[in-house]
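Please view the sequence and the structure first.

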Amino acid sequence: MNKNKLILIVVVLALIGAFFVFDLWKFLSLEAIKEQQNEIVQFYENNRVLTIGLYFAIYVVVTALSLPVAAVITLLGGAIFGLVVGTIVVSFASTTGATLAFLGCRYLFRESVESKFSQQLSKINAGMERDGMFYLFTLRVIPIVPFFVVNLLMGLTKIPTRTFFWVSQLGMLAGTAVFVNAGTQLAKIESLDGIFSAPIIISFAILGLFPYFAKTVIGRIQAQRALKGFNKPSSFDRNLVVIGAGSAGLVSAYIAAAVKAKVTLIEKNKMGGDCLNTGCVPSKTLIRSAKLLKQISRSSRYGVKSASAEFDFKLAMQRVRDVITAIEPHDSVERYTSLGVDCVSGEARITSPWSVEVNGETLTTRNIIIASGARPFVPPIEGIEEVGYVTSDTLWELDELPKRFVVLGGGPIGSELAQVFARFGSDVTQIEMLPRLLVREDPEVSEVVTQQFIDDGITVMTDTRAERCLVENGEKQLICTRDGETITVPFDVLLVAVGRTPRTEGLGLEELGVKTTPQKTIETDDYLQTIMPTIYAVGDVAGPYQFTHVGAHQAWFGAVNSLFGTLKRFRADYSVIPFATFTDPEVARVGINETEAKAQNIEYEVTTYGIDDLDRAIADGEAHGFVKVLTVPGKDKILGATIVGEHSGELIAEFVLAMKHGLGLNKILGTIHIYPTMAEANKYLAGNWKRAHQPEKLLEWIERFHAWRRG
């Protein structure tokens with residue numbers, strides 16, 4: 001804490017201490033002001049402006065210091081100034097003092113509180129940004145929480161000062177008027193308890209709840225305004241239409257059918273979406289083939305004197321198609337039809353809030369869920385269209401292994417496929433404009449993966465920007481710059497893997513006024529509802545995460561809110577989101593890492609465990625990587641976990657469960673793990689945390705106890 005803050009704290013404590021030490025409160029008690037009422041009123045008659053100024057200043061100081069005499073001073077205001085003038089003066093004085101207390105708390109404590117409780121405050125601030133004025137107004141009207149506590153607590157949030165002032169002014173006005181009015185009859189008041197009668201308290205309670213009723217009414221008015229100009233059908237063909245049969249769309253349709261709603265699922269390409277056909281499934285299939293080749297090349301470490309493999313790229317790609325074929329029934333039209341879903345193949349266009357056009361037919365529906373996914377983003381690099389490229393969508397059309405394979409992008413998709421093709425035998429160059437691969441992860445994670453890539457023969461070029469593509473003497477070239485130097489990278493196949501952009505085109509959203517974000521995702525509220533109240537969006541097209549499992553997670557909220565939102569709505573929960581990058585070694589994470597904790601100014605402790613020490617990893621010849629967990633300082637509460645190594649995607653599940661249900665490292669330590677398994681790494685990490693927090697003083701006494709027992 002800096003010097004200015006310490007001085008301010010000392011001054012405030014000194015003023016509060018003086019108030020009690022010198023018994024100043026006696027001069028502001030109910031009995032004292034009743035005795036001096038006539039003299040004060042007489043002084044006011046002779047010095048109106050001065051009296052108002054002195055009274056205003058005293059009231060501001062009292063409320064700013066949170067002294068327990070504001071109610072009595074309010075009564076005095078009524079006795080001196082009367083109802084109208086008294087209400088005006090007290091109202092502005094109390095709000096000014098409250099705002100000073102608010103600002104003082106914000107200046108002195110918010111920074112330190114945010115550093116210790118950043119995650120908790122982020123949720124509170126999100127709620128305050130959304131409904132802060134409603135919360136504050138209710139607290140002001142219904143004094144369940146003392147006003148001085150409200151002032152201090154609000155100072156710890158990010159509610160704007162202007163909003164705090166005017167909402168406080170409005171919220172305290174009714175109570176102020178009641179007290180000021182009572183003060184006009186000051187001589188008859190024996191105690192403060194009798195000022196609020198039961199009818200007045202009930203009236204205040206109703207007034208406090210008014211903003212929420214008003215919010216509901218405003219929401220309905222906004223919904224009606226959005227729907228204005230569209231003809232609502234008198235009846236509907238179905239309850240729900242889902243556009244897109246990827247993970248999010250399939251789960252949305254599944255849930256709707258499970259609760260006996262009539263649902264139509266529309267897909268213009270293949271059932272299963274990108275994940276089944278061009279994403280997760282095919283890429284992991286290739287990863288498995290590439291890993292087998294790597295294991296064969298390292299056979300000597302397993303006691304195999306000699307082993308070799310004859311790799312056939314066409315066979316590997318055929319295996320991809322075979323795996324897709326094997327999984328297809330899970331996402332097939334036949335399966336979903338048997339579940340009660342009406343599956344339609346065609347391109348959907350939303351023509352009104354209650355209708356979707358497909359194959360020349362108009363379907364009427366109560367609600368619509370957009371789950372149209374995303375597609376690879378191709379940056380506007382000069383000459384790239386003329387030279388040609390592949391993406392994660394079109395890569396699967398290759399029938400020959402490229403000799404020179406260039407990967408543009410150092411994120412999960414680019415990194416996974418770069419390693420695959422290197423292990424297949426391509427000469428791979430990976431280009432990333434940022435300082436390191438997998439930049440969302442901690443630096444040591446990127447370092448481990450990068451070193452393995454180098455060992456696999458990949459040329460990794462970070463801090464490198466792709467400028468243009470050209471063909472020179474029949475050779476395709478990518479021209480890049482790094483540190484002012486121009487670098488020419490020849491290639492046979494260029495993979496563009498720099499991110500994905502939501503599929504929103506052709507859906508009719510612009511005509512309906514459905515908004516998109518700067519990230520091109522469809523703009524939704526916390527319930528995944530768009531500005532058009534009958535239309536919801538889930539999965540990659542909605543964001544904020546582009547993971548198959550998150551799309552499926554959102555689908556529950558989208559389906560339930562669209563079908564039952566008039567009865568009960570549920571906010572989408574993103575509190576615990578795990579994800580993995582399936583390079584070798586795998587990288588899995590849940591919660592925050594050190595990079596994010598530092599950026600968000602969150603205090604944390606780090607505990608690590610090296611998997612090179614794990615018996616099963618040593619036996620499997622996979623003794624590399626680590627487990628890294630961030631916890632609340634001095635506590636075992638998990639803020640985030642990162643695992644680098646074999647089967648990290650499976651191992652992270654224990655930490656996901658722990659974070660979701662509030663279990664700490666002590667619970668993991670106290671759980672039996674089968675020996676020998678990779679999962680023991682999680683328990684050993686918990687053990688490392690426990691040793692770092694062992695009670696040293698208690699152990700000293702226990703040591704003495706044992707010595708005494710030995711005699």
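In which hand of crossing does α3 pass α4? The crossing is left-handed, that is, the near helix is turned anticlockwise from the far one by less than a right angle, clockwise being right-handed.

## Basis of the report

This is a predicted model, in which local features need pLDDT of at least 70 and side-chain atom pairs count only at pLDDT 80 or more, while totals for chains, interfaces and linings use all residues. Residues are numbered from 1 along each chain as its sequence is written, and side-chain values use heavy atoms, with hydrogens and water left out.

## Overall form

The C-alpha trace of the protein spans about 105 × 90 × 55 Å along its principal axes. Its secondary structure consists of 27 helices and 21 strands, taken as DSSP runs (helices H or I, at least four residues; strands E, at least two) numbered from the N terminus. Of the 711 residues, 47% are buried; buried means under 20% relative accessible area, exposed over 50%, and partly exposed in between, with a 1.4 Å probe and protein chains only.

## Helices α3 and α4

Helix α3 covers residues 48–64 and helix α4 residues 70–81. Their axes lie 10 Å apart and form an angle of about 165 degrees; the axes are lines fitted to C-alpha atoms over the stretch in contact, and angles run from 0 to 180 degrees between N-to-C directions. The two helices are therefore roughly antiparallel (over 145 degrees; under 35 is roughly parallel, 65 to 115 roughly perpendicular and the rest oblique).

A64 belongs to α3 and is partly exposed, its relative accessible area being 23%. The C-alpha atom of A64 is 4.3 Å from that of G97, although 33 residues separate the two along the chain.

## Helix α18

Helix α18 comprises the 13 residues 443–455. From first C-alpha to last it reaches 18 Å, close to the 18 Å expected, the expected span being 1.5 Å times one less than the number of residues.

Buried residues in α18 are V445, S446, V449, T450, Q452 and F453. They fall within an arc of 160 degrees seen down the axis, so they line one face of the helix; the arc is that of the directions from the helix axis to the C-beta atoms. The face turned away from this buried side carries the exposed E447 and D455. After α18 comes G457, with a positive phi near 95 degrees.

## Cysteines

The whole structure contains 0 disulfides, counted as pairs of cysteine sulfur atoms within 2.5 Å. For C480, the nearest cysteine sulfur is that of C469, 8.3 Å away. C480 is buried, at 0% relative accessibility, whereas C280 is partly exposed, at 29%.
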